[in-house]
Amino acid sequence: MEHPENEEQYKGLRVETSPTSPGSVNPYLNFRAKRRKPELTADQYVEGILAGDVTILSRAVTLLESTRPEHEQLAQQVIARCLPHAGKSVRIGISGVPGAGKSTSIDEFGLHVLERTGGKLAVLAIDPTSERTGGSILGDKTRMEKLSVHPKSFIRPSPSGGSLGGVARKTRETIVLCEAAGYNTIFVETVGVGQSETACHSMVDFFLVLQVTGTGDELQGIKRGIMEMADGIALNKCDGDNVERCKLAAAYYKNALHLFPTPPSGWTTQVYMYSGLFGYGIKELWDSIYEYIDFVKHNGYFEERRNNQNLYWLHETIEQAIHSRFYNDPRVIAALQQAEDDVRAARQTSFRAAENVLNTYFGLNSVR
Ligand code: GDP
């Protein structure tokens with residue numbers, strides 16, 4: 001008997017049995033208990049990646065973007081084991097200010113490259129603002145309508161790792177995973193602002209800068225540093241009544257490039273005119289990029305550039321690690337607070353105070 005208090009001899013309150021509970025709040029909604037995916041081992045990650053399993057590749061990228069120490073450790077194991085299988089791709093950096101036509105162009109470039117090489121393409125991004133804006137607009141699948149449904153493309157938005165260095169390092173590590181998974185062309189998209197171009201340049205074989213001529217007659221300025229970094233300058237939107245302006249701009253950029261010494265690759269930076277929207281000039285642009293790749297593979301610069309990039313990332317990683325360990329150390333946090341108070345109250349010079357903070361971490365005697 002479920003409720004003995006309901007029997008004859010009891011005179012108290014009776015207990016009504018409740019109606020049977022409904023199967024579902026809304027029978028049209030098909031709720032399924034969300035099961036957590038079991039954690040994969042390093043072996044499973046590596047096997048999946050090498051087999052070209054896109055789901056496992058995506059999970060590995062998520063793993064390496066995680067800031068949890070146990071994830072970082074596992075991710076580093078996976079990357080180390082993928083490394084011998086990486087490197088066999090052509091890496092192209094594509095930069096341009098918002099509105100330059102990056103997504104339109106990457107969609108078209110991607111299809112062209114996929115058809116031309118018969119291989120697989122990964123589109124990655126470096127967007128240091130993604131943390132602040134709450135999500136990256138770069139590498140967003142919805143912006144690349146054709147590529148996003150192509151079975152041989154893998155699109156991944158920018159990691160949101162805080163500092164530019166952190167974001168860029170994760171993108172670079174994602175390149176390793178993608179290459180191990182058989183992606184033989186890698187696009188790295190970045191916005192044409194600040195240091196993100198330098199970061200992008202430091203991980204690609206060819207750095208393409210997209211420019212637009214704008215609506216007025218004035219030429220869109222290009223920073224000197226960018227001009228020096230560019231392996232190619234591509235003038236987009238060369239269609240309709242913009243063609244004449246494009247031609248003028250191309251002549252201007254060609255002239256400006258003459259003022260720079262020949263880059264260490266030995267390749268003369270080219271200026272291209274094309275239309276991402278209408279598909280004009282895309283084949284010619286890619287003919288030239290592949291010509292560059294052949295050229296630098298032949299003269300040894302391809303290897304040299306990649307080696308230099310590895311050295312750059314060696315130092316960059318050390319600097320980042322020192323920076324983050326230093327500033328997160330509780331002793332440093334306390335000493336820095338003290339130093340700031342001292343400097344504000346003019347009890348110490350900035351240099352002395354800095355020395356004290358540094359000594360707190362590096363274990364030397366205080367100079368106070
Ligand atoms: P992003 O911000 O750099 O990714 O630029 P989008 O690809 O979103 O392009 C910005 C605007 O420029 C959109 O309205 C596009 O339709 C337009 N656009 C992109 N490429 C071309 C082109 O080749 N010709 C013309 N006329 N418009 C273009």
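Me: In this predicted model, taking buried to mean under 20% relative accessible area, exposed over 50% and partly exposed in between (1.4 Å probe, protein chains only), is Cys 246 buried or exposed?
Reply: Residues are numbered from 1 along each chain as its sequence is written. Because the model is predicted, local features need pLDDT of at least 70 and side-chain atom pairs count only at pLDDT 80 or more, while totals for chains, interfaces and linings use all residues, and side-chain values use heavy atoms, with hydrogens and water left out. The relative accessible area of Cys 246 is 0%, so this residue is buried.

Me: How many disulfides does a search of the whole structure find?
Reply: A disulfide is a pair of cysteine sulfur atoms within 2.5 Å. For Cys 246, the nearest cysteine sulfur is that of Cys 238, at 3.7 Å, and Cys 246 is in no disulfide. Over the whole structure, the number of disulfides found is 0.

Me: Which residues of the largest nonpolar core touch the most other members?
Reply: A nonpolar core is a set of buried Ala, Val, Leu, Ile, Met, Phe, Trp, Tyr and Cys residues joined through side-chain atoms within 4.5 Å. The largest one has 54 residues, and the two touching the most other members are Ile 49 and Leu 177.

Me: Where do the buried residues of α1 lie, seen down its axis?
Reply: Helices are DSSP runs (H or I, at least four residues; strands are E, at least two), numbered from the N terminus. The buried residues of helix α1 (residues 42–50) are Ala 42, Tyr 45, Val 46, Gly 48 and Ile 49. Taking the directions from the helix axis to the C-beta atoms, they fall within an arc of 165° and so line one face of the helix.
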